[in-house]
Amino acid sequence: MISRRNALLGGARLIGALAGGIVPGLGAGAASAATSAAGTTRRIPYGACVNFTPFLNEAEYRIAFETYCQQVTPEYGLFWGYLRPTRNQFVFDYADKVLAFADLNEMTMRGHTLVWYGAMPDWTKQIGSAAEAERELTLHIEKVVGRYRGRIKTWQVVNEPIDDVKDGAAGLRPSIWLQQLGPKYLDMAFRLAHQADPAAELLINEYDVECVGASYAARRQALLTLVRELLARGVPLHGVGLQGHIQGKYEIDDDGVSSFVSEIKSLGLSVHVTELDVIDKEFAGPITVRDAMVAGRAYDFLNAIFAAERPSAIGTWGITDRYTWVPTWNKRADGLANRPLPLDDHYRPKPLWSVIDYFCQKAP
Ligand code: XIL
């Protein structure tokens, strides 16, 4: 089974290479080999989320990951909504298959996510007490983190805990967990994950913290305050994931991002870019110009992070414009396709890929 699949992928990889889809030296194998002139700087791992449908059906899609990625994440295979369609069911097929693919190709799989207000199955609306919420959260984290103990080395434990800005400030985002357990749901989630896999790196993951504007500044501040509070309570939190769903219409707040990352670093935490894509809804002009604008925004974002700290990983939310969540909420008015990701819809690398590749190799 495995060798047949390798043969299949090998053949198709060659076709991809002939079609010009392969950038030499950037495959998964290149990661360990990439060192600086001094021989000490490891290439920053690049990864992307995997959509289950093309993953199962398209060799070209899988080859793109083999060619460019050192890390993968199931896009929605670890969401409660997918994993637990009913209270007593756990559906691990998606995550298991992506992990097997990662193992086969010497990549690591990241875990996204254990606690999120979104993508919750309907039955969780019946959770009606703190005790019940704690029971379900405990069962979920023990079972999911336990299953992948030692194999998923980085977990984005809590996703998007910061609410939208109201009256100039951002509190915690409403969810079944906040409603039933209060802010201690965060402590609980991290402690449970740590117990289930003491060696795993545990992150908090957040969006809309990178652009110019008062609401972005307020969200950065709220996230920093939350991180400090968690650490002060002894919660096993090891890093911060900046999703990086960049709203292309706004500029990157270079100083805001750099000083935020400096603060995180000074707290002894790692910084990861977890879901980079550039929302190009408002970008006008020919494709070449729009692609340059997408690359430019990502450059500014990564450059601002690098000014303070070399991130532990750079990940995009999808790898090809053919499969991206961006049009779900950000369709273009002119009816043209969004182009938020490093490869185009024919798997050809775009300027955004060059930007990512540049930063992955960049010495501290
Ligand atoms: C999105 C997925 O891409 C979609 O397939 C799913 O239907 C909804 O969630 N921030 C996150 C991701 O942390 O989990 C979201 O992914 C995109 C926004």
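Tutor: Leaving aside residues up to four places away in sequence, H245 touches D208, E210, E275, D277, I279, W317 and W325. The model is a predicted one, and H245 sits in its strand β7, which covers residues 245–247. H245 has a relative accessibility of 5% and therefore counts as buried, the cut-off for that being under 20%. Two of the touching residues also make polar contacts with H245 through their side chains: E275 at 2.6 Å and D277 at 2.7 Å.

Searching the whole structure gives three cavities of 30 Å³ or more. The volume of the largest cavity is about 60 Å³. Its lining is made up of 14 residues, and T73, R110, Q156, T274 and G315 are the ones closest to the centre. By residue class, the lining of the largest cavity has six nonpolar residues, seven polar ones and one charged.

Then the rings. The count of aromatic pairs comes to 21. One of them joins F55 and F101 edge-to-face, with the centres 5.3 Å apart and 90 degrees between the planes. F55 belongs to helix α3 (residues 52–57) and F101 to helix α6 (residues 93–104), so this pair ties together parts that lie 46 residues apart in sequence. F55 and F101 are both buried.

Another edge-to-face pair is formed by Y82 and Y94, at 5.3 Å centre to centre and with 80 degrees between the planes. Here Y82 comes from helix α5 (residues 80–83) and Y94 from helix α6, so the parts tied together are twelve residues apart in sequence. As to accessibility, Y82 has a relative value of 24% and so counts as partly exposed. Y94, at 0%, counts as buried.

Notes:
Residues numbered from 1 in each chain as written. Predicted model: local features only at pLDDT ≥ 70, side-chain atom pairs only at ≥ 80, totals over all residues. Heavy atoms only, no water. Helix = DSSP H or I, 4+ residues; strand = E, 2+ residues; numbered from the N terminus. Buried < 20%, exposed > 50% of the residue type's maximum accessible area, 1.4 Å probe, protein only. Polar contact = N/O pair within 3.5 Å; in protein donor to acceptor, adjacent residues only side chain to side chain. Contact = heavy atoms within 4.5 Å. 1 Å grid on protein atoms, 1.4 Å probe; cavity = no way out; pocket = protein on both sides within 12 Å on 5 of 7 lines; lining within 4 Å. Points joined across faces, edges and corners; volume = space filled by probe spheres on them. Nonpolar A, V, L, I, M, F, W, Y, C, P; charged D, E, K, R; others polar. Phe/Tyr/Trp six-rings, centres within 6.5 Å; stacked < 30°, edge-to-face > 60°.
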